[in-house]
Amino acid sequence: MDTGSYSVDIDAQKVNFGGEWLAKDELAEKIRKMIESQDFKIGAAGNALEFLQKTMTSIQEFSVKIGPSDADCLEKHAQRAGLETGVFIRQAILAYLAAQLPLDTAIITEPAKPGEEPQAVELTEKKNQAPNTKVLVDPSLQTEKNPSDIASEDTWFRK
């Protein structure tokens, strides 16, 4: 099964198959209709259904506790993005995780041991250049507001 080819909307419990978002029952009905019309090319639809079912049964829930002012700020950001707070939190976590180094990447700042020299990378001085960092933002989270218009309560990350 190609697990990378299907997108799942966890909240709606739907999978994107053939350009449309289908729930488990809708996809099962689509497969049934394909069989009735003697279209037996149901492998991809079956894989999508299996992927949706496995995803939904393996979801893990986490809970967080935050102070009232941070909760208020979080809810305002979610409202501005037009998302439920839980969805907003999930997107923020996924964006943070996507920006991290892979877990199997080690940054070691000690001398290389014998035999490790071929994998070692020499550290150099930091160049004095403007950063060329880009951040991808979900288009649904973009607003028309100028960053200078954002209230001071939006500085929770500086605490």
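Q: Start with Gln-38. Is Gln-38 buried or exposed?
A: Gln-38 is exposed, with a relative accessible area of 63%. Bear in mind that this is a predicted model.

Q: Where does Gln-38 lie?
A: In the loop between α1 and α2.

Q: What is the phi of Gln-38?
A: Near 60°. That is a positive value in a residue other than glycine. Most residues other than glycine have a negative phi.

Q: And Gln-13, what is its phi?
A: Positive as well: phi of Gln-13 is near 55°. Gln-13 sits in the loop between β1 (8-9) and β2 (14-17).

Q: How accessible is Gln-13?
A: Gln-13 has 46% relative accessibility, so it counts as partly exposed. The cut-off for exposed is over 50%.

Q: Let's zoom out. How many helices and strands are there?
A: Four helices and three strands.

Q: In what order do the elements run?
A: From the N terminus, β-β-β-α-α-α-α.

Q: What share of the residues is buried?
A: 13% of the 159 residues count as buried.

Q: On to the helices. How do α1 and α2 cross?
A: Helix α1 covers residues 24-36 and helix α2 covers residues 43-57. Their axes come within 10 Å and cross at roughly 160°. Angles over 145 degrees count as roughly antiparallel, and α1 and α2 are therefore roughly antiparallel to each other.

Q: What hand does the crossing have?
A: Left-handed, as α1 passes α2.

Q: Which residues meet there?
A: From α1, Lys-24, Leu-27, Ala-28, Ile-31 and Met-34. From α2, Ala-45, Gly-46, Ala-48, Leu-49, Leu-52 and Gln-53. By class, the contact of α1 with α2 has eight nonpolar, two polar and one charged residues.

Q: What about Ile-35, where is its place?
A: Ile-35 is in helix α1. At a relative accessible area of 39%, Ile-35 is partly exposed.

Q: Which residues is Ile-35 in contact with, leaving aside neighbours within four places in sequence?
A: Phe-40 and Ile-42.

Q: And Asn-47, which helix is that in?
A: Helix α2. Asn-47 is partly exposed, with a relative accessible area of 28%.

Q: How far apart are the C-alpha atoms of Asn-47 and Tyr-6?
A: They are separated by 9.2 Å. Along the chain, Asn-47 and Tyr-6 are 41 residues apart.

Q: Now the other pair. At what angle do α3 and α4 pack?
A: About 95°, with their axes 9 Å apart. Helix α3 takes in residues 68-81, and helix α4 takes in residues 85-98.

Q: Why call α3 and α4 roughly perpendicular?
A: Because 65 to 115 degrees counts as roughly perpendicular, and the α3 and α4 angle is about 95°. So α3 and α4 are roughly perpendicular to each other.

Q: Which residues make the contact?
A: On α3, Leu-74, Glu-75, His-77, Ala-78 and Ala-81. On α4, Thr-85, Phe-88 and Ile-89.

Q: How does the contact of α3 with α4 split by class?
A: Five nonpolar, two polar and one charged residues.

Terms used:
Residues are numbered from 1 along each chain as its sequence is written. This is a predicted model: local features need pLDDT of at least 70, side-chain atom pairs count only at pLDDT 80 or more; totals for chains, interfaces and linings use all residues. Side-chain values use heavy atoms; hydrogens and water are left out. Helices (H or I, at least four residues) and strands (E, at least two) are DSSP runs, numbered from the N terminus. Buried means under 20% relative accessible area, exposed over 50%, partly exposed in between (1.4 Å probe, protein chains only). Axes are lines fitted to C-alpha atoms, for helices over the stretch in contact, and angles run from 0 to 180 degrees between N-to-C directions. Angles under 35 degrees count as roughly parallel, over 145 as roughly antiparallel, 65 to 115 as roughly perpendicular and the rest as oblique. A crossing is left-handed if the near helix is turned anticlockwise from the far one by less than a right angle, and right-handed if clockwise. Contact means heavy atoms within 4.5 Å. Ala, Val, Leu, Ile, Met, Phe, Trp, Tyr, Cys and Pro count as nonpolar, Asp, Glu, Lys and Arg as charged, and the others, Gly among them, as polar.
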